[in-house]
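Subject: Structure handover

Hello,

Please read the notes alongside the coordinates.

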Amino acid sequence: MKYSLYNLVKNSFSYHENWEKAWSSPDLKPEYDVVIVGGGGHGLGTAYYLAKEFGVKNIAVLEKGWIGGGNTGRNTTIIRSNYLWDESAALYNHAVNLWEGLSSELNFNVMFSQRGLFHLAHSVHDMQEITRRGYSNYLNGIDAEILNQDQVAKKIPHINVNGRYPVLGALLQRRAGTARHDAVAWGYARAAENLGVDIIQNCEVKGIDISNGKVVGLQTTKGSVKVDKVGLVPAGHSSVLANMAGFSLPINSVPLQALVSEPVKPILDCVIMSNSVHVYVSQSDKGELVVGAGSDAYNSYSQRGSFDMIEHMMAPLVELFPIFSRLKMLRSWGGIVDVTPDRSPIIGKTPVKDLFINCGWGTGGFKATPGSAHVFAETVFRGEPNDIAAPFSLERHFSGALVDEAAAAAVAH
Amino acid sequence: MKLQRQQLLINNFFMFIINCPYCGERDQTEFTCHGEAHIARPDNPSEISDEEWGRYLFFRENPKGTHFERWTHDHGCRRWFNVMRDTVTDQIIKTYKMGEAKPEISNE
């Protein structure tokens with residue numbers, strides 16, 4: 001059923017009790033052309049684009065929990081594309097271009113809001129960094145404005161520009177913003193199922209069957225399945241799945257936390273990020289402040305971060321916005337992010353034939369969801385990455401052609 | 001058992017209490033984790049291939065379970081040591097000095 005004003009009015013006569021389920025819970029079939037492992041935004045999106053743009057009929061998405069219950073539902077929903085290197089700029093800007101049409105494409109409101117994002121600069125070095133990145137963005141056709149202190153103070157009324165962390169300026173991307181993270185997973189799930197994709201929840205992959213160097217099947221908690229091609233889109237558990245297929249990855253899985261405050265009236269109409277003092281904050285449409293910071297340095301699969309990290313994100317937030325000091329924080333949570341040495345993702349082929357991987361998005365995967373899914377769908381279909389995905393191969397860790405956003409964008413994604 | 005689990009939960013919620021082999025038990029905030037331990041630099045750097053260099057530099061075990069890692073006691077003795085820790089429960093199994101052999105993983 002299409003979501004439209006007509007159907008909204010029509011369903012109101014039956015007190016909204018007869019809306020169809022957005023997606024069903026089919027049984028696992030014994031055989032699929034393509035199986036996507038991981039039902040987050042990237043995985044569901046991959047299935048959607050495979051069905052829509054490449055006409056693949058027989059697809060399943062296997063999710064060990066519930067769809068969007070992993071990192072898709074645990075991030076701070078920030079979307080931007082002002083990365084330094086050409087390769088990253090192309091990938092993340094491809095995503096922003098898709099974000100702009102996503103709600104109408106999926107017939108599902110993902111609440112994409114281009115409210116603008118400010119990268120704060122607190123020192124001369126920070127100003128040089130944002131200037132360099134801003135000019136690099138211009139060259140790549142990404143919108144960027146370099147602001148001075150007065151301009152920042154004017155645009156963000158409550159910010160303290162002369163505090164312990166003086167704000168000298170900011171890099172503004174107006175096309176950046178936020179989206180509703182759950183809606184992204186739900187929208188892709190519903191749109192994919194309309195194209196015939198089976199979405200199997202509570203189905204964990206326990207083993208990967210390989211014959212003569214080619215993937216032939218998967219062992220899952222809901223039985224075994226024969227496959228022609230497999231796309232792994234796992235996030236935190238990338239190494240665990242790779243080990244099942246007999247190869248390893250240049251990845252460490254670490255906890256990343258976020259938290260939200262009690263809801264308040266509109267006070268912050270943009271996204272604020274600071275790499276140097278390391279906090280990022282925006283206000284959700286519900287009114288909560290959504291706050292995030294850096295990841296812990298130790299490996300963990302516990303989906304729980306360390307307590308002192310919360311202090312590390314709150315201290316600079318209160319310095320920058322003294323007005324927030326009396327807010328109560330409601331909830332905090334952690335997700336497990338798979339971090340690569342250069343903080344760029346791994347998209348492409350693996351040592352196993354017809355087994356493809358899309359992982360290593362680390363602390364910044366949400367913003368890339370449509371772009372990642374789109375280029376990975378093409379990679380799975382053609383068996384080769386396209387021009388956008390090619391620089392992000394696993395191979396780069398041997399050739400040395402890293403896309404080093406770790407040094408370029410500092411830590412915050 | 002129940003008490004143990006409660007204690008584990010409390011320890012986990014707040015932070016690790018790390019038993020520095022030189023100073024004894026201290027808060028996690030005094031320490032920094034520096035990633036996987038027991039990675040030996042290749043003996044024959046000029047002979048090994050790009051792939052072998054890549055594996056040495058970038059590829060990590062990242063196990064779901066027992067993990068061996070290097071920590072420093074930054075705000076204490078400032079010395080390096082190794083920690084054996086479970087990455088699912090975050091429970092620290094053992095801490096030991098640099099140069100000591102990797103402890104065996106028991107299959108309990």
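From the N terminus on, the elements of chain B follow the order α-β-β-β-α-β-β-β, that is, two helices and six strands. Helices (H or I, at least four residues) and strands (E, at least two) are DSSP runs, numbered from the N terminus. The model is predicted, so local features need pLDDT of at least 70 and side-chain atom pairs count only at pLDDT 80 or more, while totals for chains, interfaces and linings use all residues. Residues are numbered from 1 along each chain as its sequence is written, chains are lettered from A and ligands numbered from 1 in the order in which they are written, and side-chain values use heavy atoms, with hydrogens and water left out.

Chain B has a mean pLDDT (the predictor's confidence in each residue, from 0 to 100) of 88, and 84% of its residues reach 70 or more. For the complex, the predictor gives an ipTM of 0.88 and a pTM of 0.93. Where pLDDT is low, the predicted coordinates should not be read in detail.

Of the 108 residues in chain B, 35% are buried; buried means under 20% relative accessible area, exposed over 50%, partly exposed in between (1.4 Å probe, protein chains only). Taking contacts (heavy atoms within 4.5 Å) in chain B between residues at least 6 apart in sequence, 48% join residues at least 24 apart.

Next, the interface. Chain A contributes 26 residues to the contact and chain B 28 residues. Together they bury about 2,300 Å², 56% of it on carbon and sulfur atoms; this is the accessible area (1.4 Å probe) that two parts lose on being put together, summed over both. There are 12 residue pairs in polar contact between the chains, both residues at pLDDT 80 or more. A polar contact is a pair of N or O atoms within 3.5 Å; within protein, one must be able to donate a hydrogen and the other to accept it, and residues adjacent in sequence count only if both atoms are side-chain atoms. On the side of chain A that touches chain B, the elements giving two or more residues are α7 (238-244), β12 (252-261), α8 (307-320) and α10 (396-399) of chain A. α7(A) gives the most, with three residues.

Last, α6(A). Of its 14 residues, 12 are buried, including H181(A), Y188(A) and R190(A). The buried residues pack against α2 (41-53), α3 (86-106), β8 (198-200) and α9 (369-382) of chain A. Just after α6(A), G196(A) has a positive phi of about 95°.

Regards
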